[in-house]
Amino acid sequence: MPIVNRISALHEEVTAWRRDIHEYPELQFDVHRTAGIVAEKLKEFGCDEIVTGIGRTGVVGIIKGRANGSGKVIGLRADMDALPLQEITGLPHASKVPGKMHACGHDGHTAMLLGAAKYLAETRNFDGTVAVIFQPAEEGENGADAMVKDGMMDRFGIQEVYGMHNAPGLPVGQFALRPGPLLAAVDNFRIEVEGKGGHAAKPHLSIDTILVASHIVAAAQSIVARNIDPLKSAVVSICAFNAGFTNNVIPQTAELRGTVRTHDAGVRDFIEQRLTELAERTAAVFGATARVIYERVVPVTVNHETQTPYAADAASAVVGDAAVNRDTTPIMGGEDFAYMLEARPGAFIFIGQGDTANVHHPAYDFNDEIIPLGMSYWAKLVENRMPA
């Protein structure tokens, strides 16, 4: 693999950064230690400008190329936040914070972009400007949206934006992406069912919310199975069913919680409408009521047709064209980088993590072997898009 010597030489140092971040995970927007490390290192690297507090706790570093920053401005994004999980890896660098761990590899994403920033600030072998973007709150709080709404794109004149995520199961030394929808829109819902509570021995005098909610669960599964074009992807998953507290009382209320994942705007609209109708009408049949609270969390992550080949070509320059899947299958996971891709053209790419535990699993750990590949991808993307 054509990893430049300087990037290879940084491997051990960047690995140490990654493991330090891993030991002290932080959640959502509360990434003050991590953001402080990022800002400090960007200053050490000699970045031309470092701005903190974007989108509450995000950090942006500006690196100008050999022509004093003329030409294009592209953004490279990494996420910084961890997850509320108890780590079980037993590794020397395992989380030292109970109930928190980097179970999605954001520590690796941050370290790889920091390593690339160090290399780019040293070499400046490009004609244009790079904005290295370190984002908080990817895990459920839409830190990308917060940074966009804070004016990041206009403030730094960002014209294109790129993101990267590790992919367990994809072999080390491979990349994968596609133009168009890559990750799904994420919607969450809550269904509140109210009936008539009573004695379990006299069910005829009650309206059983457990029975009603069970029928809603079954009916909801018909949406994808019988209402959505089989050639279009969608998921409706009910993940929580809460009702009752003892063995001889029919509960007055029940609550269902779940998620919807789609790649198509029309399908997304239809499922919201259909789920609401099914819940309300199913409850009415039994004499109960249902209230649906539906929240659109993250839009579809859509790679732009023009920019996706730029990302693929940069990956090919690192690992060879045969190791880059340019038409990978979309997945139903969500990614708030979608907000940045709505604001500016760009692309999101997966980097092979190898045969490891999956993301969001308590035994997951980022594979440090891929650090030079990720750094090289970022560097090659910049140098290809803005040749000196």
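## The nonpolar core

A nonpolar core is a set of buried Ala, Val, Leu, Ile, Met, Phe, Trp, Tyr and Cys residues joined through side-chain atoms within 4.5 Å, where buried means under 20% relative accessible area with a 1.4 Å probe and protein chains only. In this predicted model, local features need pLDDT of at least 70, side-chain atom pairs count only at pLDDT 80 or more, and totals for chains, interfaces and linings use all residues. Residues are numbered from 1 along each chain as its sequence is written, and side-chain values use heavy atoms, leaving out hydrogens and water.

The largest nonpolar core holds 58 residues, of which Leu42, Leu76, Val130, Phe134, Phe175, Tyr377 and Trp378 touch the most other members. Helix 3 (residues 106-123) supplies the largest share of this core, nine residues; helices (H or I, at least four residues) and strands (E, at least two) are DSSP runs numbered from the N terminus.

Beyond its neighbours within four places in sequence, Leu42 is in contact with residues including Leu114, Val132 and Phe134; contact means heavy atoms within 4.5 Å.

Four strands form an open sheet in the order 10-12-8-13, with antiparallel pairing; two strands pair if DSSP finds at least two bridges between them. Strand 10 (234-243) and strand 13 (289-298) are the edge strands, each pairing on one side only.

Strand 8 (residues 185-194) and strand 12 (residues 253-262) run antiparallel and are joined by 10 bridges. Val186 stands opposite Arg261 in strand 12.

## Helices across the sheet

Helix 6 (residues 209-227) lies across strands 8, 10, 12 and 13, at about 170° to strand 10. Helix 7 (residues 265-285) also lies across strands 8, 10, 12 and 13, at about 160° to strand 13. Axes are lines fitted to C-alpha atoms, for helices over the stretch in contact, and angles run from 0 to 180 degrees between N-to-C directions.

Definitions and conventions. Buried < 20%, exposed > 50% of the residue type's maximum accessible area, 1.4 Å probe, protein only.
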